[in-house]
Amino acid sequence: MIETIIKCEHATKKFGDRFALNDLNLEIPKGKVIGILGENGVGKSTLFRVLVGLTRLDQGKITVLGEQPNIKLNANIAYLPDRASWYQDQTVRKAFEFGVKLLPHFNIERAKQFASLMNLDLDMKVSSMSKGQESRLMLTMCMSRNVPLIILDEPFSGIDGTSREHIIESMIDYMSDREVTILMTTHEIYEAEGLLDYAIFLDKGHVLIADEAENLRREHGSLHDLSRKLYR
């Protein structure tokens with residue numbers, strides 16, 4: 001029996017007359033890299049915000065790590081929102097020191113290793129970074145926490161194609177010896193294909209397809225091809 005880390009039961013959230021989540025029923029497996037996929041506005045970011053307690057459901061129920069979303073639970077979740085930013089006057093090194101003090105289960109040695117993989121100079125100031133470099137720093141901060149659940153909303157946004165490939169390879173290496181669940185959205189499905197173990201396609205706040213990525217590849221050729229069929 002597959003162990004679940006997140007369960008959604010009739011989860012519903014509206015903004016005005018628009019459903020962001022529409023009677024969403026979903027069980028998300030533990031210990032995998034899961035892609036929450038779909039076009040803009042299908043409910044991906046809203047789902048993530050509900051999972052970390054930043055948005056409340058109008059109806060239904062969601063459990064994360066066996067509990068309903070709450071502030072205490074967030075000590076066990078690393079969350080990268082789609083519009084993350086950092087203090088402009090800090091260096092990468094200072095950001096890591098900040099992480100040790102304020103982010104639960106932050107591993108500074110792992111952060112330094114990941115920064116090296118990301119080609120981030122520890123003495124570089126955030127104010128001098130490109131958007132891509134700052135995105136790499138945000139991702140490094142998330143991936144350096146010893147938590148069971150990492151939630152990444154468009155982690156490759158603003159990062160060039162060559163760097164994305166390098167980052168994905170680094171993430172695959174990171175996952176190889178750790179028991180962690182990574183939940184992520186990305187529009188770069190083609191490049192992230194090899195990273196995903198499980199894929200969930202959303203549309204208008206409900207599930208179109210949810211299955212093991214390997215099963216979907218066997219049936220449709222690739223997740224990228226399936227996405228084009230679903231949203232053409």
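**The largest pocket and the helix contacts**

Author: Happy to! Let's begin with the largest pocket, where β2 (18-29) and α1 (44-51) each supply at least two residues of the lining. Of the elements involved, α1 gives the largest share, with three residues. Keep in mind that you are looking at a predicted model.

How much space lies in the largest pocket? The answer is about 320 Å³. Its lining is made up of 15 residues, and those closest to the centre are Asn40, Gly41, Ser45, Asp82 and Asp153. If you sort the lining by class, you get two nonpolar, seven polar and six charged residues.

Now for the helices. Start with α2 (residues 92-102) and α4 (residues 131-143), whose axes come within 11 Å and cross at roughly 30 degrees. That angle makes α2 roughly parallel to α4, because angles under 35 degrees count as roughly parallel. The crossing of α2 past α4 is right-handed. To find the contact in the viewer, pick out Val92, Ala95, Phe96 and Gly99 on α2, together with Leu137, Thr140 and Met141 on α4. Five of these contact residues are nonpolar, two are polar and none is charged.

Staying with α4, look at its other partner here, α5 (residues 161-175): the two helices pack at an angle of about 5 degrees, with their axes 13 Å apart. They are therefore roughly parallel to each other as well. Here α4 contributes Arg136, Leu139 and Met143, while α5 contributes Ser163, Ile167, Met171 and Tyr174. By class, this contact of α4 with α5 has five nonpolar residues, one polar and one charged.

Finally, move along to α7 (residues 213-220) and α8 (residues 223-231). Their axes come within 8 Å and cross at roughly 70 degrees, which means that α7 is roughly perpendicular to α8. In this pair, α7 passes α8 in a left-handed crossing. Which residues make the contact? From α7 they are Ala213, Leu216, Arg217 and His220, and from α8 they are Leu223, Asp225, Leu226 and Lys229. The contact of α7 with α8 divides into four nonpolar residues, one polar and three charged.

Conventions: Residues are numbered from 1 along each chain as its sequence is written. This is a predicted model: local features need pLDDT of at least 70, side-chain atom pairs count only at pLDDT 80 or more; totals for chains, interfaces and linings use all residues. Side-chain values use heavy atoms; hydrogens and water are left out. Axes are lines fitted to C-alpha atoms, for helices over the stretch in contact, and angles run from 0 to 180 degrees between N-to-C directions. Helices (H or I, at least four residues) and strands (E, at least two) are DSSP runs, numbered from the N terminus. Angles under 35 degrees count as roughly parallel, over 145 as roughly antiparallel, 65 to 115 as roughly perpendicular and the rest as oblique. A crossing is left-handed if the near helix is turned anticlockwise from the far one by less than a right angle, and right-handed if clockwise. Contact means heavy atoms within 4.5 Å. Ala, Val, Leu, Ile, Met, Phe, Trp, Tyr, Cys and Pro count as nonpolar, Asp, Glu, Lys and Arg as charged, and the others, Gly among them, as polar. On a 1 Å grid over the protein atoms alone, a cavity is a set of points where a 1.4 Å probe fits but cannot get out, and a pocket is an open set with protein on both sides within 12 Å along at least five of seven lines; lining residues have an atom within 4 Å of a point. Grid points are joined across faces, edges and corners, and a volume is the space filled by probe spheres set on the points.
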